[in-house]
Amino acid sequence: MLTAAELEALRVSLIVAAESVACSLPLAIAIAWLLVRARFAGRPLLDAFVHLPLVLPPVVVGYLLLLAFGVRGPIGAWLHASFGIRLAFTTAGAALATAVMSFPLMVRAIRLSLEGVHPGLEEAARTLGAGQIDRFLSVTLPLMAPGILAGAVTAFAAGLGEFGAVITFAANIPGATRTLPLALYTAIQSPDGDVAAARLAALSFALGLAGLVAAELLARRLRARLGP
Amino acid sequence: MLDVDVTATRGSFALRARFRAPTPGITALFGPSGAGKSTLVHALAGLVPAAGRVQLDEATWLDTAAGTDVAAERRRIGYVFQDARLFPHLDVEDNLLYGLRRAPPCDHYARRDEIVALLGLGTLLERRAHQLSGGERQRVALGRALLAQPRLLLLDEPLASIDVARRDEVLPYLESLRDRYSIPMLYVSHQYDEVLRLATHVVLLADGRVLAAGTPAAISVDPALRPLVGVDGVGSVIDTEVIATDPAGTLATLAIGTGRLRVAVADAGVGARVRLQVLARDVILATEPPHALSVRNVLEGTLAELVDEGPDAVLAGIEIEGVRLLARITHAAVTELGLSPGLRVWALVKAASLRGHVYARPAADAADRRGLAAGSPDGHARRPAENEKGRRGDPSLER
């Protein structure tokens with residue numbers, strides 16, 4: 001049904017999106033917690049910084065990543081020298097670019113769910129003998145679950161389609177960084193790629209829709225478990 | 001002995017509370033809304049920053065001078081919140097076990113099965129918080145707090161969010177807990193009826209300060225209480241016991257010094273402890289022994305004081321062998337009878353007017369009180385907060 005090239009693009013897309021979600025989720029929960037529960041001077045700045053990828057052109061994000069994580073960038077050079085990890089022009093790099101781009105979506109969803117957790121429940125847990133980490137894991141986190149899930153699925157669905165930052169930072173390498181939108185772009189560039197482009201577009205459309213519907217259904221089930 | 005001397009601030013509100021309360025027993029923290037009751041219990045629990053000293057027997061939770069400030073999660077102070085605060089992602093069973101699992105393994109005095117039975121939670125264990133009524137929720141919260149094996153239990157107006165008619169889903173259970181466990185409790189309320197029903201000690205709080213503290217009997221005649229309970233709520237509380245019953249078992253004779261009061265209390269055997277509230281508006285004064293009257297309850301005493309309560313009333317305090325009775329009379333009566341402190345007087349109390357005012361008396365030995373709580377003939381003792389303000393209106397009052 002799908003051609004080998006399409007399957008490969010689908011596989012790369014799924015891997016990139018999954019890796020990006022897996023890496024950014026813990027950080028997104030931590031940042032959301034800081035933004036909701038912590039009181040510190042730089043909070044508005046952090047808030048703005050997290051949301052930057054929403055308003056910056058993706059090419060700019062990709063370019064900045066290249067500056068920082070490129071082979072000659074300060075972080076990239078250190079990673080390469082210390083661990084032999086190369087991010088630019090690799091699948092991991094595509095995942096990093098995708099993670100940065102979808103990070104604000106994830107933080108927003110998680111933050112919203114954390115704002116819905118009554119701090120009084122954490123107080124109650126406290127009087128029952130639960131320390132800070134204990135009550136976060138046993139009370140706060142389970143109550144945030146619907147939001148975390150929604151954020152993760154939305155970020156995953158968005159990550160499948162990230163284009164600008166990925167092509168800038170990780171290039172368009174078949175089998176490594178050529179995700180669905182990059183394959184689609186390549187098809188459009190070639191003179192007889194009309195059919196291929198249409199098929200890839202339809203695939204992207206179906207994936208995105210399925211992701212959003214799945215997110216909604218899961219969140220609804222979780223919410224039902226928590227009660228009104 | 002619970003020894004408290006704390007200051008705390010919440011916004012512009014400043015609390016400076018100092019009191020001592022005997023333990024075990026239920027100490028009621030009574031005062032109007034905004035008196036600082038919640039701030040005080042939050043400070044005791046360690047949920048808001050406070051300075052000063054909080055001690056219970058050998059345990060010191062806060063001692064600013066010595067640099068001690070135990071974290072809330074290590075104080076082992078149980079807290080029953082006004083809004084229950086059950087964990088919505090857990091069922092009742094897991095809510096109950098939340099604190100138990102975190103309690104130190106030694107000295108478990110509250111066992112799960114016992115608490116479930118005592119609070120009637122057996123049929124609720126698999127439900128979630130949103131499937132419970134307000135009263136059931138508070139019972140689960142009570143059980144959850146107790147199973148954490150606390151050394152002190154704070155109850156922050158646990159009935160405030162339950163409609164008046166359903167408070168009996170919780171109050172009898174609270175009494176059972178009080179009778180079963182010797183854990184010290186601090187019960188916050190702005191309902192005087194709840195205080196009379198439960199408390200062994202009362203702390204009056206207003207504007208962040210302790211106005212008075214003492215036994216319910218002592219507090220009942222304290223002038224500081226009067227603005228808090230209103231004109232019709234003023235009356236003396238007498239802790240006494242049944243010394244005789246009539247053959248039909250409906251009238252009990254209570255000892256007030258060497259005086260006797262006969263009160264309708266069904267099923268209260270001889271020796272049963274009774275807390276009696278005699279409202280000042282229900283007491284009539286005479287300056288000579290009355291005769292040819294239908295009133296049977298006459299107590300002889302000495303007029304101790306006359307307090308001007310405005311143009312309508314004078315509050316007379318009558319000393320009867322260590323018991324203080326209050327009577328609300330008119331200025332005209334004071335003048336015509338020539339009342340003045342030191343005068344010998346007779347206080348007339350109609351038995352019917354006492355009927356609604358019998359409370360089982362909280363005390364260290366509990367065994368003899370069960371029958372009494374159930375036994376008030378009109379059911380009032382089991383349902384003390386029937387009218388809006390929770391003040392005892394008495395529809396059965398016959399003059």
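1. A polar contact here is a pair of N or O atoms within 3.5 Å, where, within protein, one must be able to donate a hydrogen and the other to accept it, and where residues adjacent in sequence count only if both atoms are side-chain atoms. Between chain B and chain A, 6 residue pairs are in polar contact, both residues being at pLDDT 80 or more.

2. The model is predicted, with local features needing pLDDT of at least 70 and side-chain atom pairs pLDDT 80 or more, while totals for chains, interfaces and linings use all residues. Residues are numbered from 1 along each chain as its sequence is written, chains are lettered from A in the order in which they are written, and side-chain values use heavy atoms, leaving out hydrogens and water.

3. Chain B and chain A each bring 23 residues to the contact (heavy atoms within 4.5 Å). There are 4 salt bridges between the two chains, a salt bridge being a side-chain nitrogen of Lys or Arg within 4 Å of a carboxyl oxygen of Asp or Glu; Glu123(A) and Arg85(B) are joined by a salt bridge at 2.8 Å, N to O.

4. Strand 16 and strand 20 (residues 344–349) of chain B pair in the antiparallel sense over 4 bridges, and Val283(B) has Val349(B) in strand 20 as its bridge partner.

Technical notes: Two strands pair if DSSP finds at least two bridges between them. Helices (H or I, at least four residues) and strands (E, at least two) are DSSP runs, numbered from the N terminus.
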